[in-house]
Amino acid sequence: MKDLKEPRLENSVSDSPIMKPDRPVGIVGYGTYIPMYRLPSTEIARVWSGGGRGPIKEKAVAGLDEDTVTIAIEAARNAVSRAGIEACELRAIWVGSESPPYAVKPSSTLVAEALGATPYLLAADIEFACKAGSEALQSAMGIVGSGMGDYAMAIGADTAQGRPGDVLEYTAASGGTAFIVGPAERAIATCLGSLSYATDTPDFWRRAHQHYPSHGGRFTGEPAYFHHIQSSATALMEGLGMAASDFQYAVLHQPNVKFPARVAKRLGFTQSQIEAGLLSNLIGNTYAGAALTGFSAVLDIAKPGDRILLVSFGSGAGSDAFAWEITGQIDARRDKAPKVQDYINRRQEIDYAIYTRYRGKLMMS
Amino acid sequence: MTTKVADDWRLRGQRYRLEGERCEHCGEMIFPPRDICPACKKPTKTTHTLSGRGEVYTYSTVLSAPQGFEVYAPYTVAIIKLEEGPMITAQLTDVASADIEIGMPVEMVTRRIRTQGDDGPITYGYKFRPVFLGQGAE
Ligand SMILES: [Zn+2]
């Protein structure tokens, strides 16, 4: 009988769930875009619950001529400016979103064309609720890490909509962030390790041809958000032999302010480690852009040698976890595009009536 | 609709990223691209992407918009003098009409231009907004 405990072949894949590229990779460029319009939570509360406050201060709302593609394009242009590469050096552009303007027709080809990155590249859209952008980031690391290409772009962008009056309407926001992955020697942040965790968990969904998503109410908490983030973050830190205290910053998916604060505490992080990357109070939940934009805000201020834990969550459900270390190249590149705080400061408040017009909630015919 | 789709497709270089031409004979920067240099009347073939920076030369606010643009009204159309020289007519965005001034520095952004019904294609293209921070200062 075969000995089940026979040692594995030397060149076999290890038992560790950490995904290790053949060559070291990192972020060589990053860029964010946040639309200028802001809808305060008090406006939604005024219309739907007779006043009071909501779960966040305000959320970012896309203008009439903006959508996931236009948001992705500006974020991507900022990333190219910082990377200092030609767009035609990108071998992949992946747009992760749950709100693409077309149901069928890639957003990524439009972004590629606007950048001047066509025609020799992979271009596709990725769908995995709020973790579509970090899924794109893992994939881009695969392209560069395997040597299939030197540069690949991952974008998470959304113009998220909540059903009017639903609790999600307070937070469903617009914005996005793009990363260019490249060889570690050109990186502003090198990847120390990453892993992904996915199960079939129906906490949130949108059926075909429906305008607004549905969610499993309380089911969205423990079995979905908390279980997946805690599992991926814990496995990554254990696999790397690291603890919360080894990181200067932690960036967690942020559907509101409460969830990331609670999960951070459970993972051993302090409020001061998560503050810089927690933007949901000021811009809302930008879905596929949320964790990535928090990471972008940290890259805007981090110092060489700082380590950052980035953990996304996508309903359905899954979580990607990444550990990063900032390199000395950050200082020469971060000022080549507007920072997250610049976009947060570029702010025009709107009321609920303008919001319904901007987000196409009025029936015109 | 088929003709419109073909036009949008053919013009995507200039519409999405301000792809123009530089005359190889006299150095004139040309936008939109054409076969003959307007300055020296010689044939041009060299593609050159413009920086997207310029200033408002003149402008006018549209209250009653043509078909396909109604959703955006009121909006402002401006003639922009690009820093490379060419004049370009485009919508301004992310700015209130009251805040627009002649000579105001602007930069190109790619936005939705129009949609044809709920089932037609979405046309994307250039618009201009007030220069945002140091973006493009490089
Ligand atoms: Zn000429």
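In this predicted model, ring pairs join A:Phe179, A:Phe295, A:Phe322 and A:Trp324 into a cluster. Over all chains, a search of the whole structure gives 15 aromatic pairs. Two of the pairs are set out below. A pair of aromatic rings is described by the distance of the centres and the angle of the planes.

| Ring pair | Centre to centre | Angle between planes | Type |
|---|---|---|---|
| A:Tyr225 and A:Phe226 | 5.0 Å | 80° | edge-to-face |
| B:Phe31 and B:Tyr126 | 5.8 Å | 70° | edge-to-face |

In chain A, A:Tyr225 has a relative accessible area of 1% and is buried. A:Phe226 is buried as well, with a relative accessible area of 1%. Why is the pair of B:Phe31 and B:Tyr126 edge-to-face? The planes of the two rings stand at 70°, and an angle over 60 degrees counts as edge-to-face. B:Phe31 has 4% relative accessibility and so counts as buried. For B:Tyr126 the relative accessibility is 17%, which also makes this residue buried, because the cut-off for buried is under 20%.

Charged side chains also sit over rings. A:Arg82 lies over the face of A:Tyr30, 4.1 Å from the ring centre. In chain B, the charged end of B:Lys127 is placed over the ring of B:Tyr72, at 4.6 Å from its centre.

Which strands pair with β7(A)? One is strand β1 (residues 25-33) of chain A, which pairs with β7(A) in the antiparallel sense over 8 bridges. Within β7(A), A:Gly182 is the bridge partner of A:Gly26. Another is strand β6 (residues 151-159) of chain A, which runs antiparallel to β7(A) and is joined to it by 8 bridges. Here A:Ala152 has A:Val181 of β7(A) as its bridge partner. In a regular strand the side chains alternate between the two faces of the sheet.

On the surface of chain B, B:Tyr57, B:Ile79 and B:Met87 make up a nonpolar patch. Together they have about 270 Å² of accessible area. B:Ile79 belongs to strand β5 (residues 75-82) of chain B. With 30% relative accessibility, B:Ile79 counts as partly exposed.

Notes:
Residues are numbered from 1 along each chain as its sequence is written. Chains are lettered from A and ligands numbered from 1 in the order in which they are written. Side-chain values use heavy atoms; hydrogens and water are left out. Patches are made of residues with over 30% relative accessible area and no salt bridge: like charges are joined within 9 Å, nonpolar side chains (Val, Leu, Ile, Met, Phe, Trp, Tyr) within 5 Å. Accessible areas come from the Shrake-Rupley method with a 1.4 Å probe; for residues, only the protein chains shown count as cover. A salt bridge is a side-chain nitrogen of Lys or Arg within 4 Å of a carboxyl oxygen of Asp or Glu. Helices (H or I, at least four residues) and strands (E, at least two) are DSSP runs, numbered from the N terminus. Buried means under 20% relative accessible area, exposed over 50%, partly exposed in between (1.4 Å probe, protein chains only). Rings of Phe, Tyr and Trp (its six-membered ring) pair if their centres lie within 6.5 Å; planes under 30 degrees apart count as stacked, over 60 as edge-to-face and the rest as tilted. A charge sits over a ring if NZ of Lys or CZ of Arg is within 6 Å of the ring centre and within 35 degrees of the ring normal. Two strands pair if DSSP finds at least two bridges between them.
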